[in-house]
Amino acid sequence: MPTTPVTLPGDVVDLVRQAHSITVFSGAGMSAESGVPTFRDAQTGLWERYDPAALATVDAWDNDPALVWGWYLWRMKLVGDAQPNPGHRAITALADHRTVMVVTQNVDDLHERAGSNVISHLHGSLFEPRCSGCSAPYHGTGTRLPDGFDITSYTEPPRIDPPSCRECQSPVRPGVVWFGEALPRGAWQRAEHAISGSDLVLVIGTSGIVYPAAELPERALAAGTPVIEFNIDESALSPYVTRSVRTSAAVGLPALLDALGE
Ligand code: APR
């Protein structure tokens, strides 16, 4: 992962300087330098033999809710122990001199903890558990790994029974969008509105292979809105975006702020 300072192309800096309203569209690469594994990184440690795409499904939940709930509690702890990185903070600073609307595919809260106002969590949030039966938001106990819980002492993923909804006694589920589930209508509509109302889109750290989210930068391009991608690798969007900058979020975004003199 590039950690040396980068010099961004002048035309990229000029596009940002000229923009009045920017949509930041972020993916898992945004949080990678905070130590939160990207979705398609090999699962590490206890989870290495579990395919995240298999765990993040209704079938996995129906088959083994305690395994899925234990995985999400582990992910919540991982995020809770992580800190926003300089890329998150640069996005917050970018909003000091222009409108910045954050639309994220990430289910972590690192943009918020860096001070950004996230207008859309397209795939939900780790921190908004809800009832699997009546969808009531759940604010009770049992949504954190117990204090002092040492996951490194486990040789198997911790199976932890989810709490029960106080309204209907159904099991509480993670407040995220699983493969095959519809995106939250409000989150989708807010994201569409942001894209249509922006004069620049910054795409940060996404492989661009999951729809409908990946359709959003495509809509911007189709409307003639410039789209700049920051990614350490080629993504599915790279051939189509206005400019694709090969740098990491935590290096490239602060470099952008420096180049803007902000
Ligand atoms: N800086 C910038 N980009 C990075 C960094 C980094 N430090 N580290 C990794 N990347 C890039 C990778 O090159 C890759 O293109 O981030 C992208 C991560 O891709 P994925 O793991 O596929 O994550 P994402 O694009 O967010 O997945 C979209 O799919 O699996 C579902 O719901 C899940 O929200 C997720 C969605």
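Mentor: β1 and β6 run parallel and are joined by five bridges; strands are DSSP runs of E of at least two residues, helices are runs of H or I of at least four, both numbered from the N terminus, and two strands pair if DSSP finds at least two bridges between them. This is a predicted model, in which local features need pLDDT of at least 70, side-chain atom pairs count only at pLDDT 80 or more, and totals for chains, interfaces and linings use all residues. Residues are numbered from 1 along each chain as its sequence is written, and side-chain values use heavy atoms, leaving out hydrogens and water.

Trainee: Which residue in β6 is the bridge partner of Ile-22?

Mentor: The partner of Ile-22 there is Leu-200.

Trainee: And how many bridges pair β1 with β2?

Mentor: Six, in the parallel sense; Ser-21 stands opposite Thr-99 of β2.

Trainee: How many residues of β1 are buried?

Mentor: Six of its six, where buried means under 20% relative accessible area, exposed over 50% and partly exposed in between, with a 1.4 Å probe and protein chains only.

Trainee: Changing topic, at what angle do the axes of α1 and α10 cross?

Mentor: They cross at roughly 75° and come within 10 Å; axes are lines fitted to C-alpha atoms, for helices over the stretch in contact, with angles from 0 to 180 degrees between N-to-C directions. α1 and α10 are therefore roughly perpendicular, a term for 65 to 115 degrees.

Trainee: Which residues make the contact?

Mentor: Val-13, Val-16 and Arg-17 of α1 meet Leu-256, Ala-259 and Leu-260 of α10, contact being heavy atoms within 4.5 Å.

Conventions. Parallel < 35°, antiparallel > 145°, perpendicular 65-115°, else oblique.
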